[in-house]
Amino acid sequence: MSAAEKMSRRDQMETLLPFYLNGSLEGSDLEAIEEWLASDPAALAALGEAEAEFSGATAANEAIRPPADALSRFAKALDAEAGPARKPAGSSWLAQAWGRFMAVPVGVAWAAAAVLLALVMVQSFVEPGGKGNDFEIAGAEDDLAKMPFALVKFKPDARMSDISGFLGSNGLKIIGGPTADGVFRLGMPAANAADYTKQIGLIAAQPFTETVIEGRKPVDGG
Amino acid sequence: MTAATETDRALVDRVAKGDRAAVRLLFMRHHARVYRFVARQTGSEMMADDIANEVFLELWRQAPGFEGRSEVSTWLLGIARFKALSLLRKKKEDWIDDEAAAAVPDGADTPEVVTMKEDKAAALRRFVDALPEEHRVVIDLAYYHGQSVSEIGEVLDIPVATVKTRMFYARKKLGEALKAAGYDRGWP
């Protein structure tokens with residue numbers, strides 16, 4: 001008989017609680033925990049203790065900060081392994097978008113931030129497989145190419161984990177970029193113009209967003 | 001299976017076809033967790049930096065062979081675990097004297113004294129940090145990485161029953177440490 005099999009029911013339930021909390025429990029284990037929580041007064045207190053452990057473990061992990069330039073260094077290592085990336089060709093579409101972007105009246109501080117961001121975070125991130133379009137990701141599907149999007153620049157001190165968490169929870173995707181100046185093309189799952197405007201506002205409100213400008217909008221009724 | 005997981009797999013498919021943008025997207029999505037996982041395992045952020053980078057290069061190399069039998073995150077953590085153990089074996093004597101030694105609790109404060117200075121949450125975090133590695137890693141994988149019992153077994157290459165046994169002892173030790181510090185939670 002294994003150690004796990006020798007456990008008392010309480011021991012077994014306490015062992016399963018972390019997996020109940022992280023949502024990975026299923027089948028008979030899930031049923032057993034739910035029955036225990038419903039029937040034993042001590043179970044809810046135990047759940048509270050497990051939640052405190054959850055918070056403690058999360059805090060201990062998130063106290064560790066990955067280096068801000070990790071992505072940049074990884075891209076260089078990847079290029080060293082896979083061969084040099086091609087520089088993107090110019091595009092009138094990009095030139096126009098960039099012209100609008102630079103026209104945003106946020107002054108010298110923005111320009112300095114742009115340079116800093118380009119140096120620290122994304123300088124080497126040119127798309128290797130683009131075919132005459134600076135922002136297209138190599139291998140992107142047709143629906144990505146038609147997806148509504150915005151052009152976004154993140155603050156120099158933006159953390160990758162914050163950005164990726166925000167993108168993931170809102171169904172947004174980086175579908176292109178960054179350019180040498182740090183501009184990303186953000187695909188947006190907007191069904192209509194109102195959704196699009198709402199999502200632009202949401203992106204603009206994030207503390208890590210430097211600037212966002214509108215790109216392709218969804219066509220209502222189309 | 002969540003939509004996010006399907007997207008991970010779709011990205012791995014793109015990586016398998018040589019799409020560098022896809023591997024960078026996966027890096028952005030998973031790097032922080034892989035980095036933290038290795039940092040917790042090795043006690044060295046320098047090693048975590050090297051290994052996390054290697055994990056994603058390995059993703060680039062191995063993507064064509066990825067069969068999707070596990071979640072991409074589980075696969076990456078498994079690669080990270082393997083690389084960390086390999087490097088630890090090579091560098092053990094070098095790093096144990098400095099970084100890791102600094103990370104090991106010095107024993108100057110008893111749990112009671114520590115708790116006088118901290119609230120329960122901070123004490124609990126400290127007790128999680130002080131768990132033996134084999135116990136702490138299952139706590140981290142379950143609570144922070146959201147892994148299931150079977151996924152943890154896959155990452156650590158141990159049977160499911162062993163995962164449960166380690167979780168049992170990990171939580172028991174946390175309970176005992178809390179109790180010693182004046183927080184009796186009724187179990188164990």
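Me: Before anything else, what counts as two residues being in contact here?
Reply: Two residues are in contact if their C-beta atoms, placed from the backbone, lie within 7 Å. Keep in mind that this is a predicted model.

Me: OK. Leaving aside its neighbours within four places in sequence, what is Ala82(A) in contact with?
Reply: Arg20(B) and Trp60(B), once the neighbours within four places in sequence are set aside.

Me: And where does Ala82(A) lie?
Reply: In helix α5 of chain A.

Me: Is Ala82(A) buried or partly exposed?
Reply: Ala82(A) counts as partly exposed because it has 15 C-beta neighbours inside 10 Å. A buried residue would need 20 or more.

Me: Let's go wider. How many residues of chain A are in contact with chain B?
Reply: 50 residues of chain A, and they meet 50 residues of chain B.

Me: Which elements of chain A give two or more residues to that side?
Reply: α1 (3-6), α2 (9-21), α4 (41-62), α5 (70-82) and α9 (160-169) of chain A. The largest share, 14 residues, comes from α4(A).

Me: What is that side of chain A made of, by class?
Reply: The side of chain A that touches chain B has 29 nonpolar residues, 13 polar and eight charged.

Me: Change of topic: the largest nonpolar core. Which residues touch the most other members?
Reply: Val38(B) and Ala80(B), out of 91 residues in that core. Helix α2 (residues 20-42) of chain B gives the largest share of the core, twelve residues.

Me: What is Ala80(B) in contact with, leaving aside its neighbours within four places in sequence?
Reply: With those neighbours left out, Ala80(B) is in contact with Val34(B), Phe37(B), Val38(B), Ile51(B), Ala52(B) and Val55(B).

Me: Now α9(B). Why is it described as largely enclosed by the rest of the structure?
Reply: Because seven of the eight residues in this helix (residues 149-156) are buried.

Me: Which ones are buried in α9(B)?
Reply: Val149(B), Glu151(B), Ile152(B), Gly153(B), Glu154(B), Val155(B) and Leu156(B).

Me: What follows α9(B)?
Reply: Asp157(B), with a positive phi near 60 degrees.

Me: How much of chain A counts as buried?
Reply: 34% of its 222 residues.

Me: And what share of its contacts between residues at least 6 apart in sequence join residues at least 24 apart?
Reply: In chain A, 70% of those contacts do.

Notes: Residues numbered from 1 in each chain as written. Chains lettered and ligands numbered in written order. Predicted model: local features only at pLDDT ≥ 70, side-chain atom pairs only at ≥ 80, totals over all residues. Helix = DSSP H or I, 4+ residues; strand = E, 2+ residues; numbered from the N terminus. Nonpolar A, V, L, I, M, F, W, Y, C, P; charged D, E, K, R; others polar. Core = buried A, V, L, I, M, F, W, Y, C linked by C-beta atoms within 7 Å. Buried ≥ 20, exposed ≤ 12 C-beta atoms within 10 Å, placed from the backbone.
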